[in-house]
Number of protein chains: 2
Amino acid sequence: MATDIPDLMSTTDVPEWGDAADVIVVGFGVAGACAAIAAAETGADVLLVERATASGGTTALCAGQIYLGGGTPVQEATGIIDDVAEMIRYIEAVTPEPDSEKIRLYCEGSVAHFSWLESLGVPFERSFYAGKAVYQPGTEGLMWTGNELTWPFREQAKPAPRGHKVAAPGETGGAELMRILTKHIESLPIRVQYETTVRNLVADEDGHVAGVHVRRLSDGPAFLRAGSVVLAAGGFVVNTEMIAAYTPRLASGFMPLGTPGDDGLGIRLGQSAGGVPIHMEGAFMTAAFYPPPQMLNGIIVNEAGHRFVAEDSYHGRTAGAVLAQPNARAYLILDAETTAWPEIPLAPFIDGWESIDEMELALGIPPGNLATTLDDYNASAAKGDDPDFHKHPDWLKPLDAGPWAAFDLSLGKASYVGFTLGGLRTSPDGEVLTAGGPVPGLYAAGACASNIAQDCSGYASGTCVGEGSFFGRRAGRHAAASVRVG
Amino acid sequence: MATDIPDLMSTTDVPEWGDAADVIVVGFGVAGACAAIAAAETGADVLLVERATASGGTTALCAGQIYLGGGTPVQEATGIIDDVAEMIRYIEAVTPEPDSEKIRLYCEGSVAHFSWLESLGVPFERSFYAGKAVYQPGTEGLMWTGNELTWPFREQAKPAPRGHKVAAPGETGGAELMRILTKHIESLPIRVQYETTVRNLVADEDGHVAGVHVRRLSDGPAFLRAGSVVLAAGGFVVNTEMIAAYTPRLASGFMPLGTPGDDGLGIRLGQSAGGVPIHMEGAFMTAAFYPPPQMLNGIIVNEAGHRFVAEDSYHGRTAGAVLAQPNARAYLILDAETTAWPEIPLAPFIDGWESIDEMELALGIPPGNLATTLDDYNASAAKGDDPDFHKHPDWLKPLDAGPWAAFDLSLGKASYVGFTLGGLRTSPDGEVLTAGGPVPGLYAAGACASNIAQDCSGYASGTCVGEGSFFGRRAGRHAAASVRVG
């Protein structure tokens, strides 16, 4: 494992070109698949290289949610009113440093992108799952997967659910999505080479990326000539040195959501050609404490006994807020009427207590602090109000029916999963950007690029697969169009 | 992807040996890690080669449960009485074709193996989680993870919980286990080479495995000489051709619990030297419908409206029974007093009905069948009895308080995960066995070998990491001891 940036090789170093293609796509997760398909749709000759023995990437490990909106067929069929302008406003509002051009393209292109995915055979059920959960439990096509209903966002943009999921049960949607895209690619004149790792990018004397130096398991090193190259090689969640350098929060205490391919190679290859990694400190970590939805009636306090987040936020936003507390410690507090049952999947039940005093003592909260927090919360909740954090009235219920229970949301206690969000700076067409402009012939998409998602607080489930497929597709199309004659 | 068996190369084909080691271990999941450590403990010079860029394998994706018993320190500290003979009886009873010698060694060696893991720095909390769940929600050291309390096993062996989990939150135990073992290996004089794929085994004129032909990303092909070779290279859940040939049930409709390295290469390398894959039809698939535990009060019926499994079985056993029903279809039925809330994580809520008639109609069950099933069940349950399936009295409650709810456990509806269980036939010391005896110098462990686990119905969580670490360790020790002088 390393943070080494591979050397950029020169075409003059190439002893002999092996295979050649108009567009070489590196990586066969959702971004690479969409880039390859889009390039092939223009008539380009496409070669897709993948390090692993099979397609899928990290996409195959996720639930297969795709964040889309602005009036998709699933939204329309289920009576959800959405609007491109509201979707833009929402994403702008939740994003620390929004790239307005990309957000506009993503939202304006969302309905067409949905239809394109369907045209490839990706199924979406015309159904809405109204519950509060991490993903649709069945094959439902749509649910809320972000902070649209969370204050202040619900006041900044008209909320709409945008979490579309591939019609496959529960968390199997990502695996199904990749099975379908792989089958589709096998039906196209796209060549796929597995067990092929890119070692270096190769550029000509003008700095135009002209190919890749690979090692193939079947026959060793080779130089593959390309009109352009699309990097779609994943994030860096398994690269311990990059994690230490960029996102030390991901060093331990969580389960990496990734494959062994998520070692940052795509980002480092981009850097070799002058590409610039951005938002690299951005990481997604979460340990959802719902479902069951009634857990949202609880309050979350830090070790000082103070609230710090609207408890009805998207689970990733809540987790981000927990991790920002002293010692990354926080507790979910419920009373006898709000607790569902003493085991929830990802956050351990600590204990139940007959009095707040006992609970403060047991949790190590300074005496009186939690009592004050509860008194304030209960008084407001009784009026359907939460002046401090604006939790939605649906989840405001005085917690005054002892005994009280606490669940541990702390890092090292709750079951966190995580992945990285930072990646190469790219143009809206996926061109890898240096300080001075695009690297000719070089594109990036998916988890090795930075497009929409930037941090845990603003993340919505489905953004990674959404932006990976959307900007992967744009990158593939543009890469094919930019191939120089001759 | 292929079912190809690589060629077995001869030492006379080796132009030049590169690196050499007493023991070469192939694969850096839990089995390979334990094999390497055990070999190094004997003073052997060990080289550990791993295809991916990082350690972890599929172990890093699991919750880190380890099935151990017979009176471990965690069992003793938490007041659990267990006994080696009872553990043997239980595993013998749940296993279709038990390998009695391996089971005896595993059970007799279980306490010492636990202590060995602790000596490496793997932490286990002295605590018991009494709830019914898929894994301990917190860092608790022990819980029930098999069918020990399920009929007929509870009558065949005195039940004890044996699911030990690495002291890490929820499902992060496997990642934590591999972090600890990796750190330990880095402290030992074990050489690790990542991005190194074994292409062929190499044997001398006597058929003794004498090395491996690898491709390394850093410098291409090489021949590595070894006194013996331990294959610990994972299962085959991502190899679509092997899945089609051996376990077609895993072809679709589930999320593979595996990495891109689970392509069966370890098994196929073993076959090249005459090794024999066994129990290859064995696969684990599950979609747990608990927690919450009260869901176990329900009954599970097939599309004919008949029960077919004790609903309090371990979730994998239940899932295996569901998948064996016509069209792999089944429903969990509860009444108003037993339903927890209308969303459980892995099986979708279908609907609620005021009458059984309506429910039969909606589920497509022949009229009257479900009513009869419920009447029979309710009558017996009222007496604390279940003559048909011997569900434990703790979960017997008449389901007579309408409205009734149904959850869909069918394949294609519930959220299944799966992995393969078959692998190379090995001796208790991990020697790869042909029809005629061991292949000298060749060992296998972990998911590419067949040791304890054989099918879904008998599986207990923690068996794969348990047997992988236990027989991996034995294989490493024996491989080191068998290294020929000179």
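## Size of the interface

Buried area is the accessible area, taken with a 1.4 Å probe, that two parts lose on being put together, summed over both. In this predicted model, the area buried between chain A and chain B is about 4200 Å², and carbon and sulfur atoms give 61% of that area. The contact (heavy atoms within 4.5 Å) takes 54 residues from chain A and 54 residues from chain B.

Local features need pLDDT of at least 70 and side-chain atom pairs count only at pLDDT 80 or more, while totals for chains, interfaces and linings use all residues. Residues are numbered from 1 along each chain as its sequence is written, chains are lettered from A in the order in which they are written, and side-chain values use heavy atoms, with hydrogens and water left out.

## Charged pairs across the interface

Between chain A and chain B the count is two salt bridges, each a side-chain nitrogen of Lys or Arg within 4 Å of a carboxyl oxygen of Asp or Glu. In a salt bridge of this kind, the side chains of A:R51 and B:E195 meet at 3.3 Å, N to O.

By class, the side of chain A that touches chain B has 28 nonpolar, 15 polar and 11 charged residues, where Ala, Val, Leu, Ile, Met, Phe, Trp, Tyr, Cys and Pro count as nonpolar, Asp, Glu, Lys and Arg as charged, and the others, Gly among them, as polar.

## Two helices of chain B

Helix α11 (residues 356–363) and helix α12 (residues 369–382) of chain B pack with their axes 8 Å apart, at an angle of about 130°. That makes α11(B) oblique to α12(B), because angles under 35 degrees count as roughly parallel, over 145 as roughly antiparallel, 65 to 115 as roughly perpendicular and the rest as oblique. Here axes are lines fitted to C-alpha atoms, for helices over the stretch in contact, and angles run from 0 to 180 degrees between N-to-C directions; helices (H or I, at least four residues) are DSSP runs, numbered from the N terminus.
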